[in-house]
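Subject: Structure handover

Hello,

Here is the structure I said I would pass on. My notes on what was found in it follow below.

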Number of protein chains: 2
Amino acid sequence: MAKTADPLQLDSMLCFAVYAAGHAFTRFYKPRLDALGLTYPQYLAFLVLWEQDGLTVKALGDRLFLDSGTITPLLKRLEARALVRRQRDDQDERLVRIFLTDQGRALRAQALSIPLQVGEALGGDAEAAATMRAGLQQLRERLDAALE
Amino acid sequence: MAKTADPLQLDSMLCFAVYAAGHAFTRFYKPRLDALGLTYPQYLAFLVLWEQDGLTVKALGDRLFLDSGTITPLLKRLEARALVRRQRDDQDERLVRIFLTDQGRALRAQALSIPLQVGEALGGDAEAAATMRAGLQQLRERLDAALE
DNA sequence: TGCAATTCAATTGCGCGCAATCGAAATATC
DNA sequence: GATATTTCGATTGCGCGCAATTGAATTGCA
């Protein structure tokens, strides 16, 4: 006897659980990131740039799994607020490298408390969170591998 | 000795794993849903409507964790293609109820193969998928509960 | 009964997210 | 060294996703 007869049951679908959890994260981050004046994707870009300055648009996109159509306008908004600087590479003029300004670098200090708040909201079980993170990474790899 | 000194490391973050897995799902679904002429959020709406016809916009939104600003235009696009019908409730004229057309109902048959393809891409481990789904649902609940 | 508060869908504005396309620049091929 | 191909970023168009607001309809309460 099958547990669920319907193969199209929303609440049994992994894709929807991922989708809904993603929105829940965005909602959770919203008030915290408002304090920094950042959106969630902008925050992700800073996570990358705080790790490594001077990346190309392409490298940043590869890191976040986003393309230039998303990243270019995002970076222009950050540049307009003097949080990053965009500069053509001297050697290869196709490349645009992204550098943090002092102001952009300074944001990092204000971001440090956010992961703590996430850990707290999740009940402090870092072990479970790490397991789930690893599972999701594998999920992403398998889905990407299945693209033809 | 701590494993990761940096609390802002992108690759250690659960939120990013969820975010990236969500996009990977969308990419995976894209060619399959193109065959039905649906986007992923539209597909989610049909999953709900195939389960229960005649829901209000509000009820549909509650089910998908989306608000009217997202759902209203989505439904209007579906109505323009004669896949659903929107009708004011007789008793309470604030409510708009969503009904499937025959065409919308017929889409279900074409969608049946999609979950199978997901299962296949994920290596057929339904057990692991169910565990992960449950973990993500709990994650969502905890994040939502932490919203002040 | 009358008026305030609430509920609901719709709308507006803005920021993603991605496909498709473009032009410039670099590389490969001959 | 000229030509074809590839790479990179920007741009356009469209569909979410959500905050904030609006207006109509309903409900609550005195």
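**One residue to start with**

A:Arg105 has a relative accessibility of 41%, so this residue counts as partly exposed, the class between 20% and 50%. Please keep in mind throughout that the model is predicted.

A:Arg105 sits in helix α5 of chain A. Leaving aside residues up to four places away in sequence, A:Arg105 touches A:Trp50, A:Asp53 and A:Leu100. A:Gly61 is 44 residues apart from A:Arg105 along the chain, and the C-alpha atoms of the two are separated by 20 Å.

**Where the two protein chains meet**

How many residues of each chain are in contact with the other? On chain A there are 54, and they are in contact with 54 residues of chain B. The size of an interface is often given as the accessible area lost when the parts come together. Between chain A and chain B the buried area is about 5,500 Å², and carbon and sulfur atoms give 73% of that area.

Six salt bridges are found by the rule across the interface of chain A and chain B. One salt bridge joins the side chains of A:Asp6 and B:Arg108, with an N to O distance of 3.1 Å.

On the chain A side, at least two residues each are supplied by α1 (14–34), α2 (40–51), α3 (57–64), α5 (102–111), α6 (113–121) and α7 (126–145). The largest share comes from α1(A), with 16 residues. By class, the side of chain A that touches chain B has 38 nonpolar, five polar and 11 charged residues.

**DNA strand D**

Which of the residues around DNA strand D come nearest? Of the 29 residues there, they are A:Tyr19, A:Lys58, A:Lys76, A:Arg86 and B:Thr39. Among the atoms of DNA strand D that come within 4 Å of the protein, sugar and phosphate account for 76%.

- A:Lys76, through a polar side-chain atom, at 2.6 Å
- B:Arg77, also through a polar side-chain atom, at 3.0 Å
- B:Glu93, through a backbone N or O atom, at 3.2 Å

Two or more residues of the surface near DNA strand D come from each of α1, α3, α4 (68–80) and β2 (84–88) of chain A, and from each of α2 (40–51) and α4 (68–80) of chain B. That surface divides into eight nonpolar, 10 polar and 11 charged residues.

**DNA strand C**

DNA strand C has 29 residues around it, and A:Thr39, B:Tyr19, B:Lys58, B:Lys76 and B:Arg86 come nearest.

One approach is to a base: an N or O atom in the side chain of B:Arg94 is 3.0 Å from a base oxygen of DNA strand C. Phosphate oxygens of DNA strand C are approached by the side chain of B:Lys76, with an N or O atom at 2.7 Å, and by a polar backbone atom of B:Val57 at 3.3 Å.

The elements that give two or more residues to the surface near DNA strand C are α2 and α4 of chain A, along with α1 (14–34), α3 (57–64), α4 and β2 (84–88) of chain B. The residues of this surface comprise eight nonpolar, 10 polar and 11 charged.

Regards

Methods:
Residues are numbered from 1 along each chain as its sequence is written. Chains are lettered from A and ligands numbered from 1 in the order in which they are written. This is a predicted model: local features need pLDDT of at least 70, side-chain atom pairs count only at pLDDT 80 or more; totals for chains, interfaces and linings use all residues. Side-chain values use heavy atoms; hydrogens and water are left out. Contact means heavy atoms within 4.5 Å. Buried area is the accessible area (1.4 Å probe) that two parts lose on being put together, summed over both. A salt bridge is a side-chain nitrogen of Lys or Arg within 4 Å of a carboxyl oxygen of Asp or Glu. Helices (H or I, at least four residues) and strands (E, at least two) are DSSP runs, numbered from the N terminus. Ala, Val, Leu, Ile, Met, Phe, Trp, Tyr, Cys and Pro count as nonpolar, Asp, Glu, Lys and Arg as charged, and the others, Gly among them, as polar. A residue is near a molecule or strand if one of its heavy atoms lies within 4 Å of it. A polar contact is a pair of N or O atoms within 3.5 Å; within protein, one must be able to donate a hydrogen and the other to accept it, and residues adjacent in sequence count only if both atoms are side-chain atoms. Buried means under 20% relative accessible area, exposed over 50%, partly exposed in between (1.4 Å probe, protein chains only).
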